[in-house]
Amino acid sequence: MSGRDLFCEPRRIRRGAALTLVFASVLVAGAATGSFSDPARKTPAPAPGSASARHDEVARAAARAMADGKSPMEAAERAVSRSGDRWGAVYSQGEYEEFEEALDGQYTGVGLWARRESDGRIEVTRVSDGSPAAAAGIRKGDLLRTVDGSKVDGRPVTEVVSLLRGDAQDATAGTKVSLGLERGTRSWSRTLRRARLSTDSVTVGRLPGGVTLIKVDAFTKGVGDAVRSAVGRAPDRAGIVLDLRGNSGGLVAEAVATASVFLDGGLVATYDVNGAQRALHADPGGDTTRPLVALVDGGTMSAAELLTGALQDRGRAVVVGSRTFGKGSVQMPSRLPDGSVAELTVGHYRTPSGRSVDGRGITPDLEADKESLERAETVLSGLGDLP
């Protein structure tokens with residue numbers, strides 16, 4: 001398992017949900033989902049069990065708690081739990097604002113990427129340039145042993161990320177966090193100040209034979225343009241590896257923009273919201289001639305699965321790796337009376353051929369584990385020989 005103190009929404013994961021599939025704007029006004037119906041307006045009652053009815057029930061529970069002097073968020077969380085919505089979540093106003101900032105490509109943290117080793121130890125896998133962690137001399141391969149005195153061995157990386165960000169305290173830039181570190185036989189502590197940092201959701205590299213490797217970690221704002229720019233700079237007729245391993249999702253608009261880089265218009269996905277069927281289409285004019293391989297694994301989720309399904313169904317890419325996570329549901333947020341935000345499932349999406357992803361994931365064309373990148377290069381060498 002791997003993670004970072006960038007874009008991974010630790011609070012949502014802490015509450016038992018996962019990264020969202022966000023359509024359109026990050027926040028949909030409560031009135032748009034029926035959560036804040038004007039009592040003077042005569043509107044049809046939502047069907048029992050429908051998404052609108054669930055939104056209304058959560059809003060009513062929060063309002064009742066608020067009137068009784070109790071916590072609206074706790075009441076809303078209980079209502080979401082009773083609804084059986086496995087992806088439902090409730091955020092404070094501050095938490096949701098941080099979520100929006102993360103999708104904008106910013107976050108508050110120290111600039112560490114980490115993973116949990118098989119023995120439970122937390123290893124630093126990357127340090128962002130110019131970050132507080134880099135300034136403190138922390139390096140890839142260092143072990144993170146404690147955060148503010150709390151031992152982190154054996155804990156899920158998402159919890160470690162939450163500690164680094166100071167989620168429980170709604171920590172802001174400038175707040176301090178103390179890290180206990182180990183390198184070989186040396187152990188030491190450093191106190192860092194959290195900072196406002198920019199995510200680096202797209203990284204570009206070059207493989208043998210002129211192949212361009214484009215790694216997309218999450219679909220934050222601007223990712224589609226970044227992928228288009230990387231493809232535009234690639235050598236003529238050279239292949240592309242689009243690495244979506246560990247991509248936790250994000251903005252569907254950016255996933256569709258990325259699909260548009262490789263497709264000449266056409267269907268990307270269909271989805272339903274409260275029973276209404278809708279469709280997402282790629283823009284015309286994408287590069288349809290370059291050989292393309294998409295790398296996926298069990299951490300490929302949500303909007304990344306939507307993109308993978310489109311490229312696979314449209315015959316545009318060979319998908320290599322292992323079965324994806326299987327998060328194909330659509331969440332929509334609504335404001336609660338105290339300013340917090342409830343996000344509930346309103347529908348599901350399907351690939352262009354009509355496949356449902358939720359709970360199933362996407363099966364790659366070629367199964368591969370640790371050697372998936374090597375398999376991708378082999379596939380591209382074959383595709384490059386095709387007329």
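This briefing covers a glycine in a loop, a pair of packed helices and a set of salt bridges. The structure is a predicted model: local features need pLDDT of at least 70, side-chain atom pairs count only at pLDDT 80 or more, and totals for chains, interfaces and linings use all residues. Residues are numbered from 1 along each chain as its sequence is written, and side-chain values use heavy atoms, with hydrogens and water left out. Helices (H or I, at least four residues) and strands (E, at least two) are DSSP runs, numbered from the N terminus.

**Gly-111**

- Gly-111 sits in the loop between strand 4 (106–109) and strand 5 (112–116).
- Gly-111 has a relative accessible area of 0%, so it is buried. Buried means under 20% relative accessible area, exposed over 50%, and partly exposed in between (1.4 Å probe, protein chains only).
- Ala-133 is 22 residues from Gly-111 along the chain, and their C-alpha atoms are separated by 5.8 Å.

**Helix 9 and helix 10**

- Helix 9 (residues 252–262) packs with helix 10 (residues 303–313) at an angle of about 25°, with the axes 9 Å apart. Axes are lines fitted to C-alpha atoms, for helices over the stretch in contact, and angles run from 0 to 180 degrees between N-to-C directions.
- That angle makes the two helices roughly parallel. The cut-offs are under 35 degrees for roughly parallel, over 145 for roughly antiparallel, 65 to 115 for roughly perpendicular, and oblique for the rest.
- Val-252, Ala-255, Thr-258, Ala-259 and Phe-262 of helix 9 meet Ala-303, Leu-306, Leu-307 and Leu-311 of helix 10 (contact means heavy atoms within 4.5 Å).
- The residues of this contact divide into eight nonpolar, one polar and no charged. Ala, Val, Leu, Ile, Met, Phe, Trp, Tyr, Cys and Pro count as nonpolar, Asp, Glu, Lys and Arg as charged, and the others, Gly among them, as polar.

**Salt bridges**

- The count comes to 13 salt bridges. Each is a side-chain nitrogen of Lys or Arg within 4 Å of a carboxyl oxygen of Asp or Glu.
- Glu-57 and Arg-60 form one of them (3.1 Å, N to O). Both lie in helix 3 (residues 51–67), three residues apart, about one turn of the helix. Glu-57 is partly exposed at 29%, and Arg-60 is partly exposed at 42%.
- Lys-215 pairs with Asp-217 (3.6 Å, N to O). Lys-215 is buried at 18%, and Asp-217 is buried at 8%.
- Asp-287 pairs with Arg-290 (3.1 Å, N to O). Asp-287 is partly exposed at 21%, whereas Arg-290 is buried at 9%.
- Salt bridges with shared partners join Lys-215, Asp-217, Asp-243 and Arg-245 into one network.
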